[in-house]
Amino acid sequence: MNRFNRKFNIQRKRHERWQTIHSMLSAFVGVIDVYDGASPDDVQAMRVIHKKLYECSEIAKKHLEVSANYGRFLR
């Protein structure tokens, strides 16, 4: 396997990893938005969880964009 193939495969795996993480976090954030029948304490806890998940989702999104742009420099 030549150097380009190794770098390409590593970058592809990295991009897939961040894409999976971002999609899972984005899906989970949508579940936390439903407050039907929740007590005020539950709503407060879900808002804190939502905030943390959103922060993690943004971090994953940034890494996903970096990994997508990095592939352009391999050529």
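Biologist: How are α1 and α2 oriented to each other, roughly parallel or roughly antiparallel?
Modeller: Bear in mind that this is a predicted model. The two helices pack at an angle of about 155°; angles over 145 degrees count as roughly antiparallel, so α1 and α2 fall into that class.

Biologist: And how far apart are the axes of α1 and α2?
Modeller: Their axes are 8 Å apart.

Biologist: Which hand does the crossing of α1 and α2 have, left or right?
Modeller: The crossing is left-handed. Sorted by class, the contact between α1 and α2 has 16 nonpolar residues, along with 9 polar and 3 charged ones.

Biologist: Nice. Which residues of α2 are buried?
Modeller: Those are V43, M46, L53, S57, A60, L64 and S67.

Biologist: What do the buried residues of α2 pack against?
Modeller: They pack against α1, which covers residues 3-32.

Biologist: There's a serine in there that I'm curious about. Why does S57 count as buried?
Modeller: S57 has 7% relative accessibility, and buried means under 20%, so S57 counts as buried.

Biologist: Which residues is S57 in contact with, leaving aside neighbours within four places in sequence?
Modeller: S57 is in contact with H22, L25 and S26.

Biologist: OK, new topic: H50. Where is H50 found?
Modeller: H50 is in helix α2 too. Its relative accessible area is 21%, so H50 is partly exposed.

Biologist: What does H50 touch once its neighbours within four places in sequence are left aside?
Modeller: H50 is in contact with V29, I32 and D33. Taking V29 from that list, its C-alpha atom is separated from that of H50 by 5.9 Å, with the two residues 21 apart along the chain.

Biologist: How far is the C-alpha atom of N69 from that of H15?
Modeller: They are separated by 9.9 Å, while the residues lie 54 apart along the chain.

Methods
Residues are numbered from 1 along each chain as its sequence is written. This is a predicted model: local features need pLDDT of at least 70, side-chain atom pairs count only at pLDDT 80 or more; totals for chains, interfaces and linings use all residues. Side-chain values use heavy atoms; hydrogens and water are left out. Buried means under 20% relative accessible area, exposed over 50%, partly exposed in between (1.4 Å probe, protein chains only). Helices (H or I, at least four residues) and strands (E, at least two) are DSSP runs, numbered from the N terminus. Contact means heavy atoms within 4.5 Å. Axes are lines fitted to C-alpha atoms, for helices over the stretch in contact, and angles run from 0 to 180 degrees between N-to-C directions. Angles under 35 degrees count as roughly parallel, over 145 as roughly antiparallel, 65 to 115 as roughly perpendicular and the rest as oblique. A crossing is left-handed if the near helix is turned anticlockwise from the far one by less than a right angle, and right-handed if clockwise. Ala, Val, Leu, Ile, Met, Phe, Trp, Tyr, Cys and Pro count as nonpolar, Asp, Glu, Lys and Arg as charged, and the others, Gly among them, as polar.
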